[in-house]
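Please read this briefing with the sequence and the structure side by side.

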Amino acid sequence: MLKVIKSNDKDAQLIKEALKNNRRAQQQLYEKYAPKMLGLCKYYIKDLQQAEEIMLNGFFKVFTKLATFKNEGSFEGWIKRIMIWESISFLRKKSKLVYIDDLSYFEKAEEIPEESLISIENLQNYIDELPDACKVIFNLFVIEEYKHSEIAALLNITEGTSKTQLFRARKALQKMLKTNKRDYHETQV
């Protein structure tokens, strides 16, 4: 009878070895999760080089805090929380998290010409055009499926602010998509 080895069993063994400062195990964990984590950091940080730096800082924390991982939930989820926290901390340090009450900012948002069907990459470009505070809340709520209460606690804001910023992000994205669709059809005539 063949033994089925779950990926979690392999992770558990790698984690055990990484806790002993086994560089090969650390490298294997890094190689397994780095592509996903870079993508996650890119959701929050527009500049690829900065996103890479955030991811590397996050992995430094992963390996220095590995002993605190309690095997409650997935290892990948634990890493994701670290990467999200690193991304938000970076934006806070750069003073880029400004919660806007004035909707006129979104009326000035640059229009991005695109094809008629929007790709994931193009959608990410639109999300990148959002103010950082709106983008963070949009990503946490829509992509990471955090609740407004969790977002509020994480960002030290009220639930109402979280809901308002999400509403504004959605409206801005709708406007960008409508503008894109209108511009595309005008160029086809």
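Glu 86 counts as buried, because its relative accessibility is 10% and buried means under 20% relative accessible area, whereas exposed means over 50% and partly exposed lies in between, with a 1.4 Å probe and protein chains only. This is a predicted model, in which local features need pLDDT of at least 70 and side-chain atom pairs count only at pLDDT 80 or more, while totals for chains, interfaces and linings use all residues. Residues are numbered from 1 along each chain as its sequence is written, and side-chain values use heavy atoms, with hydrogens and water left out.

**Glu 86 and its partner**

- Glu 86 is found in helix H4, where helices (H or I, at least four residues) and strands (E, at least two) are DSSP runs numbered from the N terminus.
- Not counting residues up to four places away in sequence, Glu 86 touches Ile 54, Asn 57, Gly 58 and Lys 61, and contact here means heavy atoms within 4.5 Å.
- With Lys 61, the side chain of Glu 86 forms a salt bridge at 2.6 Å, N to O, a term for a side-chain nitrogen of Lys or Arg within 4 Å of a carboxyl oxygen of Asp or Glu.
- Lys 61 lies in helix H3 and Glu 86 in helix H4 (residues 75-93), so this pair ties together parts that are 25 residues apart in sequence.
- Lys 61 counts as partly exposed, at 35% relative accessibility, whereas Glu 86 counts as buried.

**Other salt bridges**

- Side chains of opposite charge can pair when their charged atoms come close.
- By the rule for salt bridges, the count comes to 9.
- The side chains of Glu 129 and Lys 46 meet in a salt bridge at 3.3 Å, N to O.
- Because Glu 129 lies in helix H6 (residues 120-129) and Lys 46 in the loop between helix H2 (23-44) and helix H3 (48-64), the pair ties together parts that are 83 residues apart in sequence.
- Glu 129 is partly exposed, with a relative accessible area of 22%, and Lys 46 counts as partly exposed at 44% relative accessibility.
- Another salt bridge joins the side chains of Lys 135 and Asp 128 at 3.8 Å, N to O, and both Lys 135 and Asp 128 are buried.
- A network of salt bridges links Lys 42, Asp 128, Asp 132 and Lys 135.

- Asp 128 lies in helix H6 and is buried, with a relative accessible area of 9%.
- If neighbours within four places in sequence are left aside, Asp 128 is in contact with Lys 42, Lys 46 and Lys 135.

**The chain as a whole**

- The chain has 9 helices and 0 strands, and its pattern along the sequence reads α-α-α-α-α-α-α-α-α.
- Of the 189 residues in the chain, buried residues make up 39%.
- Among contacts between residues at least 6 apart in sequence, 67% join residues at least 24 apart.
- The accessible surface of the chain comes to about 12000 Å², of which 53% belongs to carbon and sulfur atoms, and such areas come from the Shrake-Rupley method with a 1.4 Å probe, where for residues only the protein chains shown count as cover.

**How the helices pack**

- H2 and H3 pack at an angle of about 135°, with their axes 9 Å apart; axes are lines fitted to C-alpha atoms, for helices over the stretch in contact, and angles run from 0 to 180 degrees between N-to-C directions.
- H2 and H3 are therefore oblique to each other, since angles under 35 degrees count as roughly parallel, over 145 as roughly antiparallel, 65 to 115 as roughly perpendicular and the rest as oblique.
- H3 and H4 pack at an angle of about 130°, with their axes 9 Å apart, and H3 passes H4 in a right-handed crossing.
- Where H3 and H4 meet, the residues involved include Lys 61 in H3 and Glu 86 in H4, the pair joined by a salt bridge.

Definitions and conventions. Left-handed = near helix turned anticlockwise from the far one by under 90°.
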